Amino acid sequence: MAGQNLKGIQRLKAAWSNSLAGVKACWAHEEAFRQEVVLTVLATPLAFYITEIPTERALLIGSLLLLLIIELINSAVEATVDRIGLEYHQLSGRAKDIASAAVLFGSLLVALTWLLILL
């Protein structure tokens with residue numbers, strides 16, 4: 001694990017590198033993340049077109065970014081559970097289901113935010 005016992009700028013560089021590695025890994029292994037990134041890339045300019053109100057833009061774009069954050073955490077949970085063992089265990093299934101439910105609620109937040117601002 002890069003970044004152990006580092007201080008200052010070196011710690012920040014290591015953290016940045018680890019974060020980029022996480023994004024790359026999620027992009028490579030998670031189709032849902034790729035779809036959500038494409039949605040975010042396409043919808044962000046649309047947010048600037050739809051409204052001139054900064055708060056509404058922040059809500060539109062922020063909801064999309066929050067969905068990406070939730071998907072990253074969901075993917076981390078799934079990878080951790082799979083690392084522990086691929087055989088079925090009730091607690092492993094529960095952890096994956098709960099993380100998936102977080103993505104569902106994030107998706108609902110995006111849809112609700114966009115609908116309320118568009119209508």
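Visitor: Where does Q35 lie, and what makes that stretch a helix?
Guide: Q35 lies in helix α2. A helix here is a DSSP run of H or I with at least four residues, numbered from the N terminus. This is a predicted model: local features need pLDDT of at least 70, side-chain atom pairs count only at pLDDT 80 or more, and totals for chains, interfaces and linings use all residues. Residues are numbered from 1 along each chain as its sequence is written, and side-chain values use heavy atoms, leaving out hydrogens and water.

Visitor: Why is Q35 called partly exposed?
Guide: Its relative accessible area is 48%. Buried means under 20%, exposed over 50%, and partly exposed in between (1.4 Å probe, protein chains only). Q35 at 48% therefore counts as partly exposed.

Visitor: Is F33 buried or exposed?
Guide: F33 is also placed in helix α2. Its relative accessibility is 4%, so F33 counts as buried.

Visitor: What does F33 touch, and what makes that a contact?
Guide: Contact means heavy atoms within 4.5 Å. Not counting residues up to four places away in sequence, F33 touches V23, C26, W27, L68, E71 and L72.

Visitor: Which positions does UniProt mark as "binding site" along with F33?
Guide: The unreviewed entry places that feature at R11, A32, F33, R34, Q35, E36, R57, E71 and S100. They spread over 90 residues of sequence and up to 33.0 Å in space between C-alpha atoms. UniProt positions follow the numbering used here, feature names are shortened, and annotations may be inferred rather than shown by experiment.

Visitor: The "binding site" annotation also covers E30 and E78. Why can these two be said to gather at one spot?
Guide: UniProt's unreviewed entry is the source of that annotation. The positions span 49 residues in sequence, yet no two of their C-alpha atoms are more than 10.4 Å apart, so they gather at one spot. Contacts, leaving aside neighbours up to four places away, link them as well: E30 touches S75 and E78. E78 is in contact with E30 and K96.

Visitor: Where are E30 and E78 placed?
Guide: E30 is in the loop between α1 (8-29) and α2 (31-50). E78 is in helix α3 (residues 54-84). At 22% relative accessibility, E78 counts as partly exposed.

Visitor: What makes D82 and K96 a salt bridge?
Guide: The rule asks for a side-chain nitrogen of Lys or Arg within 4 Å of a carboxyl oxygen of Asp or Glu. D82 and K96 come to 2.6 Å, N to O, so the pair qualifies. D82 lies in helix α3 and K96 in helix α4, so the pair ties together parts that are 14 residues apart in sequence. Side chains of opposite charge can pair when their charged atoms come close.

Visitor: How many salt bridges does the rule give?
Guide: The count comes to one.

Visitor: Why is T113 called buried?
Guide: T113 has a relative accessible area of 14%, so it counts as buried. It sits in helix α4 (residues 90-118). Beyond its neighbours within four places in sequence, T113 is in contact with L59, L60 and S63.

Visitor: Why is I73 called exposed?
Guide: I73, in helix α3, has a relative accessible area of 53%, so it counts as exposed.

How values were computed:
Helices (H or I, at least four residues) and strands (E, at least two) are DSSP runs, numbered from the N terminus.
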